[in-house]
Amino acid sequence: MVSGLFYQTVKSQYSRAAISRPRYISTLTNTSFFSDEPSRPHVITPIPGPKSKEIISKLNQYQDTRSIFFIADFSKSKGNYIVDADGNTLLDVFAQIASIPIGYNNPVFSTLSQDPAFQIALSNRAALGVSPNKDWIESIEKAFMTVAPRGMTNVFTVMCGSCANENAFKTAFMYKAAKRRGDREFSLQELSSCMKNEAPGSANDLSILSFTQAFHGRLLGSLTATASKAIHKIDIPAFDWPKATFPQLKYPLQDHVEENSRIEEESLKEVEELIVNAKKPVAAVIVEPIQAEGGDNHASPNFFRKLQEICQKNDVLLIVDEVQTGVGATGTFWAHEAWHLPDPPDIVTFSKKFQAAGFYLNPRLRPSQPYRLYNTWMGDPVRAMQAATIVQEIKDKNLLQNVRDVGHYLQQNLLELQQQQQQAMTATTSIITHVRGQGMFIAFDLPDSSQRDSFLLNMRQRGIHMGGCGEQTVRLRPMLTFQKQHADILLNTMAQLLR
């Protein structure tokens, strides 16, 4: 029996879509960071309902709507609950693809919107590389530098996670090419040949090494490094860049220590062989702390420490893609903090929960000429102010500790649910396996993609909005404000559905 978990047979207080006999009740007092947050899901129509379907049909005239689950009503959504156009209230454990950090309609944003500085930024969007407003330095410091990864003193802001990785690749290429060039200036041949996409000005012989099942974005370079879903890549030209096998660990971890160690060593050996024997020299290795889109694939801290060692030995930069894992989801502000690297990564990219995007970099990687890392919208002052507010709310509410506490509670109870199902195997094959996670960045598997997709659909009809990744994985991406009473609702609904 997991500590903090007991069973009760009480009459349901949930909506008709919720379960009838709650099993999971946290022993701690139920609290909420939102005074007016709903107390439970409430489903009154199938999802999507008639109003959602009507809006989707109209929208389809102008945009492809085939990926839409339902139409949201953000004016009525609050805290950890999203409300749709039909008035259904769902506990949101997907959070706009892991992008909402401190809940819907958090009052700190209403306060921010009244700030004259915010209103000025909203009314006068700056081309930051040309003429930032006088308070831009304040935004940089409050939003990004107060939580900068250890040893990272420079930051380059952009518009999205894919943009962050694209510009990180450019930075790596420029650094590698500059080292080969030495101290001399660009030659006329280099300047003229790059305009024709030819060597020596275009460093067509350089590459970025990524991993199988990786996801780094959907732009051209980041898409080459991506390998999680064929639908992202089909028909798109790609660079000839190497990919190493990401470790596919066996679960439960404690039962496969030696095997998993061997799996990681084989991956690391492959990485080094690809670097040493690369037909196109590797400028950087990019890796996610947890492969989110590829199926929530984990590796041990030792794997990442040895990966950095290989990079340093071979003069290759290490780019840590924290677009999905950053800003507290794993219980530390940056997931790679858990690796205890002897030296900081060279580049750390971010977006999603930060509500702003960009990358941290070692100062030695700053290009020696201006305009080389440059765009019209080098980030967004409005989003930077929002990011600063998020950082302050995380600190004020001690949300990282909340993530660690609730994440442990949720993961332990999921493990018990997994064990109970294994002990009560019947004709049903809807059994969860491979529960895994770090903080509240949690996942588990179902037998195949069909059962996984059916599970997600049925959970949505019961008032729980969840997402999938990989071939058969369910991923949990709750907000940092997710509490134990929310976990109980999720666990109870899952328990009934899986029965």
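Select glutamate 322 to begin; it sits in the loop between strand E7 (317-321) and strand E8 (347-350). Helices (H or I, at least four residues) and strands (E, at least two) are DSSP runs, numbered from the N terminus. The model is predicted, so local features need pLDDT of at least 70 and side-chain atom pairs count only at pLDDT 80 or more, while totals for chains, interfaces and linings use all residues. Residues are numbered from 1 along each chain as its sequence is written, and side-chain values use heavy atoms, with hydrogens and water left out.

Now show threonine 325 and alanine 335. The side chain of glutamate 322 makes a polar contact with the side chain of threonine 325 at 2.5 Å. A polar contact is a pair of N or O atoms within 3.5 Å, where within protein one must be able to donate a hydrogen and the other to accept it, and residues adjacent in sequence count only if both atoms are side-chain atoms. A polar atom of the glutamate 322 side chain also lies 3.0 Å from the backbone nitrogen of alanine 335.

Next, select helix H12 (residues 381-396). Its 16 residues reach 23 Å from first C-alpha to last, close to the expected 22 Å, the expected span being 1.5 Å times one less than the number of residues. Of these 16 residues, 12 are buried, including Met385 and Glu393. Helix H3 (107-113) and helix H13 (399-423) are among what covers them; contact means heavy atoms within 4.5 Å. At the start of H12, a side-chain oxygen of aspartate 380 comes within 3.0 Å of the backbone nitrogen of valine 382. Just after H12, asparagine 398 has a positive phi of about 55°.

Move to strands E10 (residues 433-438) and E11 (residues 441-445), which pair antiparallel over 4 bridges; pairing requires at least two DSSP bridges. Glutamine 438 stands opposite phenylalanine 441. In this hairpin, with 2 residues between the strands, glycine 439 takes a positive phi near 65°.

Finish at the open sheet of 3 strands, in the order E1-E2-E12 with mixed pairing. Strands E1 (81-83) and E12 (464-465) are at the edges, each with a single partner strand, so one side of each has no neighbour in the sheet.

Conventions. Buried means under 20% relative accessible area, exposed over 50%, partly exposed in between (1.4 Å probe, protein chains only).
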